[in-house]
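Open the model in your viewer and keep the selection tool ready.

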Amino acid sequence: MELWTSTRRSKVIGVRVVLVSLVLLCTIGVESRTSLKWDCFEYAAVSCRAHSASVSDFGGVGDGTTVNTEAFQAAIDHLSQFSSEGGSLLYVPPGRWLTGSFNLTSYFTLYLDKDAVLLGSQDESEYPLIEPLPSYGRGRDADGARFSSLIFGNNLTDVVITGANGTIDGQGELWWTKFRAGELNHTRPYLIEIMFSTNIQISNLTLINSPSWNVHPVYCSNVVVQGLTILAPVRSPNTDGINPDSCTNTRIQDCYIVSGDDCVAVKSGWDEYGIAFGMPTKQVVIRRLTCISPTSAVIALGSEMSGGIEDVRAEDITAIDSESGVRIKTAVGRGGYVKDIYVRGMTLKTMKWVFWMTGNYGSHPDNNYDPNAIPVIQNINYRDVVAENVTMAARLEGIAGDPFTGICWVICISNVTIGLARNRKKLQWNCSDVAGITSEVTPKPCDLLSDQGPGKIGACNYPEDNLPIENMEVQTCSSMLVT
């Protein structure tokens, strides 16, 4: 089989003519004189591609048992020659495609048919060992090297991983069992990890049963993650949904996540390694997110935040049966900062805490962290929150004896209504070493969060300007499959 692609937004007249032909063929289901059948599909992407192929053209077999690692890598290596000629697309047809880790290329789209299932191999030898992240100093699970992710990319430009809601199944059960038993010598693979890259889109897929984190863009810029369904058993270890890490300009939207850990965790490096690497995560937009995470946060900031986290904007967030809404996690030794955080429009149902901040999270990569590296937390804004069936409104724990300011947190909370559960805690606001202001918050906050009285809702600002990533548009691409 062969594929041809085009775009509906091209300004080149010749390409428009080709596109009209493609649309006509797709519409009428033409069979040529040589009895070729033309099947077409459309997809939304930042970039369309001029060249395409199917993994089955390179010996791939979607029977659920044949290992296709070499087929995927051969296809991608072949298509990489078109990076300067309009880019390329690799089509994954209906079937169950067992594979180990493979590496992507630039100006490339990986597209999964709606009936395609990518199955992550459970054979450790199918995942090459790679160096620890420089901002972490070691693997997250263990010292030393880590397993490469199922889908991996490094030093890339313009990469799209998308589909018609096709599925990537990490088959994580065996990995979780080994991890709990202490039988792994290296950090588990993620489903998708893209490093040191720019212009990345991950969209319209279902990700299930990741061995560990699901989506991990790290040291990247201009990242769009949208339309994902991410599912993991709620007791599976460290199955975070989406973790932007030392990234600039990230947009996460229209995602549904059920996780054994944080649904979204914003990160930027770990203790002395993150401080030395010095790459913050900044300019992040999170919107229209639905999360179920009974043991973790809907959105976490940290705990690995030593490179700094700033200008994170979250709105239209829905959570059901989750531990906390937005949680800041940090500790002595982290250094760095979390600042300019803006959250509005959260609807929360059945929560342990609405607000949770932790200054004593611990969990260090080694014993060489600097005990004088105190994180700075400032300009944290929450507004327009409705919650019901809540055990406790807030647990806010700063760091005692901050040597820089004497105030560990600066928080603003306004227009918040929290309905309490039958098993509610007697103390609703547990606050220590924090400072801030509130307006129109029920139940009444702790004294460390000074009540400014009604009519002060505007004090907790949400920026009205757009971040650059919000202006990054997708277009409709068309591909034709000839069988």
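Select Cys-263 and Cys-291: the link between them is right-handed, with 75° about the S-S bond. Their sulfur atoms lie 2.0 Å apart, and a disulfide here is a pair of cysteine sulfur atoms within 2.5 Å. Strands (E, at least two residues) are DSSP runs, numbered from the N terminus. Cys-263 counts as buried because its relative accessibility is 0%. Buried means under 20% relative accessible area, exposed over 50% and partly exposed in between, with a 1.4 Å probe and protein chains only.

A word on the source. This is a predicted model, where local features need pLDDT of at least 70 and side-chain atom pairs pLDDT 80 or more, while totals for chains, interfaces and linings use all residues. Residues are numbered from 1 along each chain as its sequence is written, and side-chain values use heavy atoms, without hydrogens or water.

Next, select Cys-48 and Cys-477. A disulfide joins them, S to S 1.9 Å. This link is left-handed, at -85° about the S-S bond. Cys-48 lies in the loop between strand S2 (38-45) and strand S3 (51-54), and Cys-477 in strand S33 (residues 475-482), 429 residues apart. Both cysteines are buried.

Move to Cys-412 and Cys-460, another disulfide, with sulfur atoms 2.0 Å apart. The torsion about its S-S bond is about -85°, so the disulfide is left-handed. Cys-247 is in no disulfide; the nearest cysteine sulfur, that of Cys-220, is 4.8 Å away.

Now pick Ser-135. Buried or exposed? Ser-135 is buried, because its relative accessibility is 0%. Show its contacts (heavy atoms within 4.5 Å). Among them are Tyr-219, Trp-270 and Phe-277. The C-alpha atom of Ser-268, 133 residues away along the chain, is 7.5 Å from that of Ser-135.

On a 1 Å grid over the protein atoms alone, a cavity is a set of points where a 1.4 Å probe fits but cannot get out; a pocket is an open set with protein on both sides within 12 Å along at least five of seven lines; lining residues have an atom within 4 Å of a point. The largest pocket holds about 240 Å³. Of its 19 lining residues, the closest to the centre are Arg-140, Asn-238, Asp-261, Glu-304 and Tyr-361. The largest cavity has about 50 Å³. Its lining includes Leu-133, Tyr-136 and Arg-140.

How values were computed: Grid points are joined across faces, edges and corners, and a volume is the space filled by probe spheres set on the points. Helices (H or I, at least four residues) and strands (E, at least two) are DSSP runs, numbered from the N terminus. Lists of a residue's contacts leave out its neighbours within four places in sequence.
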